Amino acid sequence: MQNLSTNPAGPENEHIVENKELNLWEALIPVVLLMMMLAYNIFYAEGEWFGEYSNQIILLIGGAISAIVGLFNKTSIKTMGLEVLENLKSVLVPIMILFLVGALAGTWLVSGVIPAMVYYGLQVLNPSIFLPASVVIAAIISVATGSSWTTSATVGIALVGIGTALGINPGMIAGAVISGAYFGDKMSPLSDTTNLAPAMAGTDLFTHIKYMAITTVPTILITLGIFTIISFNIETSGSADVSALLDTINHTFNINPYLFIVPGVVIALILFKTKPLIALGSGVALAGVFALFFQTEVLKTLSDSNVTAIFNSIFTDTAIVTENEKLNDLFSAGGMKGMIWTILLICCAMVFGGIMDGIGALARITKSLLSIASSIFGLFASTVMSCIGLNAIASDQYLAIVIPGKMFKKAFHDKGLAPENLSRTLEDSGTVTSVLIPWNTCGAYQSGVLGVGVAEYFVYAIFNWLSPFTTLFFAALHIKIRQLKTSKLAG
């Protein structure tokens, strides 16, 4: 997800709370009721059951239900509160990153960086190869940076803008970007989850990456094939009037190659392992300077003061009106204010997940899944279900790797399976499915940054939902399932 430096405490330090007083059915009560409320809100209330912040309120209600269950099972309010506090502390840096991403979107708009990306991208990226090209571009950046979040916040925003101008469905573009970004996130040795999974399973980093390639490479190749087929079969409304779009962009902004210095500096800082807050903050500051040098005419249309216009782009809504209606939605940004909905969703999800962990519900549900894993395939399937379930219940990618990793480690050993089987399964089902759940930190972040709802990109995030099926397919046919050496088994 993020670079390792975004969580100084280290996700491997997450602990699991157990509660002998709590049975499985009690542990499932908050989960079932939460899912029912979320389903009602999505399918019957059109997402507005309690107004604009319906999902946030539902998560808090789910947390309250969890707390009541915990109190009936001798869990103190202090214990639950401490777990909630730990969860909120764990997302403090990601929340700050989200604020900076909002500021980045605003300043990159008024400085001409995003318009320049769209301008040159329209000339280079042909609609017939746009989707598979987006997968490849996102994958390369994500491997280099180790961060799907950084990839989306930089090239992802640009690709959505370019594709939208070409008339391509934003859900398709976001799905392609996310597919490539999470391929790179999984395979990069710089990624925190790629380091976390082998640490939980008991194997080393490069053994894990090599073994993970067995399922990951076929999955990304299938994804590329599907996007290629889609690209050849979609009609793009933008291809016929690209010249009109280019003229409008060129007339509104001062477009020149120097503007690419801004994203170039940000990517370079990340490649040199600079902390994301510093890298993104530098991108905001540099874009502000470039706006003063290159986009004075644009700034004048936004405010009487150029400096005020830049500060507004950082903190509040910015809309640059052009002669082309297609570009008006594209050339608008919400600044830090636009990230508040997403940040509140993450905080409410952390409250629910913290209480669920505090009352011992997460450990109880995972143990029950473990108890039904009698066969090797059943063990793999239970691990996959645990990871996906915890992404939905705990709303946190780290917990979806840490808890199953700790719970299933001995079971894999007892079945004579090498630890890389577990680490690969944790990544194939825990890392990649987090972005498919709207209230998970990853789903909330990606939809907020790319401006495309999870429901819109879900079906097109092919790599992400296909990965768990691939790992189960290999397990069912016993393909490349590595066994423990006899000496390790005896130990």
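User: Which residues of helix α12 are buried, and within what arc do they fall?
Analyst: This is a predicted model. Helix α12 covers residues 261-271, and its buried residues are V262, P263, V266 and I270. In an α-helix, residues three or four places apart point the same way, because a turn takes 3.6 residues. Seen down the axis of α12, the buried residues line one face, so the arc that holds them is within 95°.

User: Which residue just after α12 takes a positive phi?
Analyst: The backbone angle phi is about 65° there. The residue just after α12 with this positive value is K273.

User: Are α4 and α17 roughly parallel or roughly antiparallel?
Analyst: The axes of α4 (residues 92-110) and α17 (residues 340-358) come within 10 Å. They cross at roughly 170°. Angles over 145 degrees count as roughly antiparallel. The two helices are therefore roughly antiparallel.

User: How many residues of the contact of α4 with α17 are nonpolar?
Analyst: On the α4 side, the contact is made by I95, L98 and F99. Helix α17 brings I340, T342, I343, I346 and C347. No charged residue takes part, and one is polar. The nonpolar count is seven.

Notes. Residues numbered from 1 in each chain as written. Predicted model: local features only at pLDDT ≥ 70, side-chain atom pairs only at ≥ 80, totals over all residues. Heavy atoms only, no water. Buried < 20%, exposed > 50% of the residue type's maximum accessible area, 1.4 Å probe, protein only. Helix = DSSP H or I, 4+ residues; strand = E, 2+ residues; numbered from the N terminus. Arc of directions from axis to C-beta. Axes fitted to C-alpha atoms, helices over the stretch in contact; angles between N-to-C directions. Parallel < 35°, antiparallel > 145°, perpendicular 65-115°, else oblique. Contact = heavy atoms within 4.5 Å. Nonpolar A, V, L, I, M, F, W, Y, C, P; charged D, E, K, R; others polar.
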